[in-house]
Amino acid sequence: MTSYNLLLLPGDGIGTEIMAEVQTVIDWFSKRGVASFEYEQDLVGGSAYDAHGKAVSEATMAKALAADAVMFGAVGGPKWADVPYEVRPEAALLRLRKDLALFANLRPAICYPALADASSLKRDLVEGLDILIVRELTGGVYFGEPKEIVTLENGQKRAVDTQLYTTPEIERIARVAFDLARTRGSRVASAEKHNVMKSGVLWKQIVTRIGKEEYADVALEHVLADNCAMQLVRRPKQFDVIVCDNLFGDILSDVAAMLTGSLGMLPSASLGAPDATTGRRKALYEPVHGSAPDIAGQGIANPIAMIASFAMALRYSFGLVEAADLLDRAIAGVLGKGLRTADIFTEGTTKVGTHAMGSAIVAELDALSA
């Protein structure tokens with residue numbers, strides 16, 4: 001039986017609660033002989049700052065680099081609002097992405113049939129929705145230099161963030177999007193701002209070339225990022241795969257998330273390049289939502305995004321497609337039976353807590369495997 005090594009980084013707030021439910025799911029697959037999943041847990045974010053004075057320790061980074069995949073909860077909260085910028089909880093995630101070279105962020109926006117009425121859009125607009133946003137993750141304005149706040153001679157301040165992309169950075173994220181599109185609806189929409197940004201001009205040129213030369217079987221359209229945001233609200237099912245830079249991907253994926261009814265429902269994967277020898281990619285899996293400090297410790301957080309993130313790990317890191325499909329069906333089955341955490345609760349459904357939802361998904365796995 002193949003063995004895989006996971007590093008679990010629960011983080012802060014509800015991160016510890018939802019990670020506990022993922023551990024139960026991981027153990028279920030190990031006991032069923034799908035694979036042997038060995039895992040250890042460590043600190044990250046605010047909890048790591050409290051223990052080590054930094055958002056992620058060097059020892060934890062070494063574990064992350066050695067792991068087959070990292071499961072990441074959520075970080076941050078009011079407690080750490082005033083810590084130095086360079087050691088803020090969110091810095092941990094940026095370092096993990098950078099040091100593991102996780103350049104491709106996959107954010108699916110799937111509307112489960114049972115939750116179509118939970119969306120802020122009409123049912124006919126979101127029922128059956130299945131979009132995949134592919135976001136470039138290690139370049140662009142979040143990492144470009146110079147990045148600074150300087151004091152001018154007149155005493156006023158000036159802030160600078162630099163949007164920077166190179167040909168190889170755009171080529172590799174474009175190929176990820178096109179490859180994934182081939183497994184879906186064979187359609188890619190590339191979102192940028194070539195009308196006002198030079199980086200957008202280069203982005204459009206390179207994505208067009210890659211599509212024409214290497215993926216003639218995949219339909220490609222270009223859409224301005226602001227129009228893409230509008231179209232996601234107007235008619236979201238027109239999209240299949242959307243590829244975009246770091247900044248626009250951050251924004252558009254959150255827009256797409258709310259189409260499904262709740263940020264608590266959506267997983268994500270951050271992938272590196274395939275290893276030349278093993279073919280495996282460094283990878284980090286996390287829910288799209290944050291640490292939700294306002295509900296932390298109450299046992300009411302929605303663990304589905306975290307559990308669905310493990311389904312993505314099964315699919316993209318371990319090649320266990322049937323296991324991933326099984327877990328996705330279990331989630332859909334539980335929702336179809338009317339179980340809801342507080343964030344997706346509606347009249348006529350049954351409200352349950354974090355642990356009860358996780359247990360129900362495991363029970364559904366049992367039922368589906370019987």
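**Salt bridges, a buried helix and a buried threonine**

The side chains of arginine 182 and aspartate 217 meet in a salt bridge, with 2.9 Å from N to O (a side-chain nitrogen of Lys or Arg within 4 Å of a carboxyl oxygen of Asp or Glu). This pair links distant parts of the chain, 35 residues apart. Arginine 182 belongs to helix H6 (residues 167-182), and aspartate 217 to the loop between helix H7 (198-214) and strand S9 (219-224). Helices (H or I, at least four residues) and strands (E, at least two) are DSSP runs, numbered from the N terminus. The model is predicted: local features need pLDDT of at least 70, side-chain atom pairs count only at pLDDT 80 or more, and totals for chains, interfaces and linings use all residues. Residues are numbered from 1 along each chain as its sequence is written, and side-chain values use heavy atoms, with hydrogens and water left out.

Arginine 182 is partly exposed at 38% relative accessibility. Aspartate 217 is partly exposed too, at 48%. Buried means under 20% relative accessible area, exposed over 50%, and partly exposed in between (1.4 Å probe, protein chains only).

The whole structure holds 23 salt bridges. One of them joins aspartate 68 to arginine 280, with the closest N and O atoms 3.0 Å apart. Aspartate 68 lies in the loop between helix H3 (58-66) and strand S3 (69-74), and arginine 280 in the loop between strand S11 (267-274) and strand S12 (281-287), so the pair ties together parts 212 residues apart in sequence. Arginine 280 has a relative accessible area of 39% and is partly exposed.

Lysine 193 pairs with aspartate 226 in a salt bridge at 3.1 Å between the closest N and O atoms. Lysine 193 sits in the loop between strand S8 (187-192) and H7, whereas aspartate 226 is in helix H8 (residues 225-234), 33 residues apart. Lysine 193 is buried at 14% relative accessibility; aspartate 226, at 47%, is partly exposed. Glu40, Asp42 and Lys63 form a network of salt bridges.

Helix H10 (residues 304-316) has 13 residues. Eleven of these are buried, so H10 is largely enclosed by the rest of the structure. Among them are Ile304, Phe310 and Leu314.

Threonine 341 occupies the loop between strand S13 (339-340) and strand S14 (350-351). This residue is buried, at 0% relative accessibility. Its side chain makes a polar contact with that of asparagine 302 at 3.2 Å (a pair of N or O atoms within 3.5 Å; within protein, one must be able to donate a hydrogen and the other to accept it, and residues adjacent in sequence count only if both atoms are side-chain atoms).

Note on methods: The expected span of a helix is 1.5 Å times one less than its number of residues.
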